[in-house]
Amino acid sequence: MKLAKINKWFGEKHVLKDVSLEFPAGQTTVLVGPSGSGKSTILRSLNLLEQPDRGTYDFDELHLNFTKSVSRKQKLLLRQKTGMVFQDYNLFPHLTVLQNVTEGPIRVLKQSKEAANQEALEILSKVGLRDFADAYPAQLSGGQAQRVAIARAVAKNPQLLLCDEPTGALDYETGKQVLQILQDMSREHGSTVIIVTHNAALAPIGDQVLHIHDGQLVKQERNQHPADIQSIEW
Ligand code: ADP
Ligand code: MG
């Protein structure tokens with residue numbers, strides 16, 4: 001997928017300044033930069049939680065020009081193809097762990113409840129939370145909640161997995177475990193993954209590293225051999 005010449009203003013504030021970025025299919029991109037540089041706004045633009053004022057977005061056969069309005073149908077199509085993991089998990093508090101994971105497949109992908117449940121339980125096993133299927137988010141630790149959030153995103157089998165500071169609220173060891181699960185799952189599913197972080201120490205895990213500063217792309221690197229999570233320290 002590809003964003004070209006993206007501009008976004010919040011009121012008077014010009015937060016994305018003619019940014020052009022490409023995200024190679026099946027690869028992991030780390031989007032790194034200081035707080036306030038526009039990383040989340042870029043990520044949120046990729047699933048239209050935020051709509052840029054100018055620029056274009058190509059995703060498979062979909063071509064969006066943000067100077068024109070985006071239709072409901074286009075939004076739905078994009079939402080079907082993307083999953084998102086947030087820093088603060090954003091689980092539905094009134095739904096059980098299992099219901100959190102099956103919500104997308106049932107509502108967005110129109111899967112049957114039975115099929116969605118079965119697949120969700122398999123994914124929950126992989127993230128070590130099969131026994132928590134009937135628990136509610138408030139009963140989980142931060143690391144567990146983030147693993148549910150990853151399971152929920154992956155259950156949609158998304159072509160594009162968007163992760164905004166996924167370890168930001170976790171302690172170091174738990175953060176490492178969560179990143180490891182993210183890496184394993186994305187390799188297994190072949191998703192295109194984008195990890196937003198203010199922590200440059202995470203850069204080695206990406207096939208591609210994009211440095212964002214003050215709403216602009218300032219540096220772009222490629223890692224021939226992305227690092228395993230366990231081998232990095234931050
Ligand atoms: P980052 O994720 O790199 O920390 P953000 O994309 O969240 O940066 O924010 C970029 C800039 O846009 C910041 O100055 C932030 O305060 C501003 N901003 C983000 N979201 C909004 C919003 N909804 N309304 C107004 N300003 C916003
Ligand atoms: Mg952010």
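Strand 4 and strand 5 form a hairpin with two residues between them, and Asp 60 in the turn has a positive phi of about 50°. Strands here are DSSP E runs of at least two residues and helices are H or I runs of at least four, numbered from the N terminus. This is a predicted model, in which local features need pLDDT of at least 70, side-chain atom pairs count only at pLDDT 80 or more, and totals for chains, interfaces and linings use all residues. Residues are numbered from 1 along each chain as its sequence is written.

**The hairpin**
- Strand 4 (residues 54-59) pairs with strand 5 in the antiparallel sense over four bridges; pairing requires at least two DSSP bridges between two strands.
- Tyr 57 stands opposite Leu 64 in strand 5.
- In strand 5 (residues 62-65), Leu 62 and Leu 64 make up the covered face, while His 63 and Asn 65 make up the uncovered one.
- In a regular strand, side chains alternate between the two faces of the sheet.

**The whole chain**
- The protein chain contains six helices and 10 strands.
- Its radius of gyration is 17 Å, close to the 17 Å that the globule rule gives for 234 residues, so the chain is as compact as a globular protein of that length. The radius is taken over C-alpha atoms, and the rule is 2.2 Å times the number of residues to the power 0.38.
- The C-alpha trace spans about 45 × 40 × 30 Å along its principal axes.

**Burial**
- Of the 234 residues, 52% are buried, meaning under 20% relative accessible area with a 1.4 Å probe, protein chains only.

Notes:
Chains lettered and ligands numbered in written order. Heavy atoms only, no water. Buried < 20%, exposed > 50% of the residue type's maximum accessible area, 1.4 Å probe, protein only.
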